[in-house]
Amino acid sequence: MRRFKKILIANRGEIAMRIIRTCKEMDIKTVAVYSQADKDSLHVRFADEAVCIGPPASADSYLKISNIIAAAEITNSDAIHPGYGFLSENAEFSEICKSNDIKFIGASSQMIGKMGDKATAVATMKKAGVPTIPGSDGILHSIEEAKRVALNIGFPVILKATAGGGGKGMRICWNEIELKRGWESSKQESLKAFGNDQIYLEKFIQDPRHIEIQVFGDCKGRVCHLSERDCSIQRRHQKLLEETPSPFMTSRLRKKMGEVAIKAAEYINYEGAGTVEFLVDKKKNFYFMEMNTRIQVEHPITEQVVSRDLVREQIEIAQGARISGKNYFPKLHAIECRINAEDPLHDFRPSPGAIETLHFPGGHGVRIDTHIYSGYIIPPYYDSMIAKVITTSETRNGAILKMKRALDEFIIEGIKTTIPFHRQLMDNPKFVAGNYTTKFMDSFRVDPLNQ
């Protein structure tokens, strides 16, 4: 089995720190890359080496493939871990790594090509026999074509950017007028966000749960799953909180969805860590939505309930290791709250700036994944997530009570954060009862008096 001597981490923030920790435990040297705005970031300090790859803008640094490959070559790195976001699902980057004899710790360009583009992924899953949402057969080429598909499957429908993520380019259309209006705005937003204005159309599933299955595949074609995560608490298609197991799930549904997720990964001979995402309606019918060919932001909750280091397993699989093939059904419960530098009282607007006072929660069953420290200046150029709080207990109620306590202990002064939002969420009757869908945030409001 191949063994990496040095891994370059093509990312920043908490995920870069997360990967560094695992590499150190595996006795693998690390290289951090950083933009000029991140010169004081912790991942730069804790990596064995660090290389500046450009100015603050992502397009000139973390998305600049030539600069990252150059950094890998001058540091003699034999592998690159892309983390999540940025270039983690970029087929060109994966292929360029391969052509430069640098192992990409992630999916191959062929796998990304099949699953990274959402319209192609849906078409691929249809061939695999995986249940998909009724919609267009791939990319739409005109508003007339979109109208024909919409009238055939019935309104409401949703337009989606094929290269999308984070809700960019999505438009829900309840009639032909909204479809025409949404067509232009979806294409414009998609082009601006991804450099690609291609869109497709699906039937809009009302009030669904967003449930994803964590899968792993090895180079020999063996695939297993590590059960589900419920990601239904979202705002504008951005996840705010995740938990496992899902309070909505039944043993029968968990088994069935796990089998379908494995079927999807096996069909494309998937290698590495991946997540098969589904929308599940009130009657527990589930439909393939997309596959993320990378590690997920929310992977820690799975780690907590299966007691396995998923980043370590990514690296070992990339080195040629085989997986056991054993599926996992959780016996513990874990919840993750994403802490963003945002003001929840003012439409969650970004709140970059200097952290003046900082105190992390602790204790049994509490995990903090972060890259911030007292005095750290949060730059305005990147995603606003600055920490993740994960609590684990034998029961869901125990995990909620532990999260309440952890959030009460978590002090960040100098900027606004989403800690007050999450603290109020823990007391919300619908959330406590596990009775929520992706529409939950449409009616949830943060109480300014309960801060």
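Author: Happy to! The axes of helix α3 (residues 65-74) and helix α4 (residues 91-99) come within 11 Å of each other and cross at roughly 30°. Here, helices are DSSP runs of H or I with at least four residues, numbered from the N terminus. Axes are lines fitted to C-alpha atoms, for helices over the stretch in contact, and angles run from 0 to 180 degrees between N-to-C directions. That crossing angle makes α3 roughly parallel to α4; angles under 35 degrees count as roughly parallel, over 145 as roughly antiparallel, 65 to 115 as roughly perpendicular and the rest as oblique.

A word on the source: this is a predicted model, where local features need pLDDT of at least 70, side-chain atom pairs count only at pLDDT 80 or more, and totals for chains, interfaces and linings use all residues. Residues are numbered from 1 along each chain as its sequence is written, and side-chain values use heavy atoms, leaving out hydrogens and water.

Back to the pair: the crossing of α3 and α4 is right-handed, meaning that the near helix is turned clockwise from the far one by less than a right angle. On the α3 side, Ile65, Ile68 and Ile69 make the contact, and α4 brings Glu92, Phe93, Ile96 and Cys97; contact means heavy atoms within 4.5 Å. By class, the residues of this contact are 6 nonpolar, no polar and 1 charged. Ala, Val, Leu, Ile, Met, Phe, Trp, Tyr, Cys and Pro count as nonpolar, Asp, Glu, Lys and Arg as charged, and the others, Gly among them, as polar.

Definitions and conventions. Helix = DSSP H or I, 4+ residues; strand = E, 2+ residues; numbered from the N terminus.
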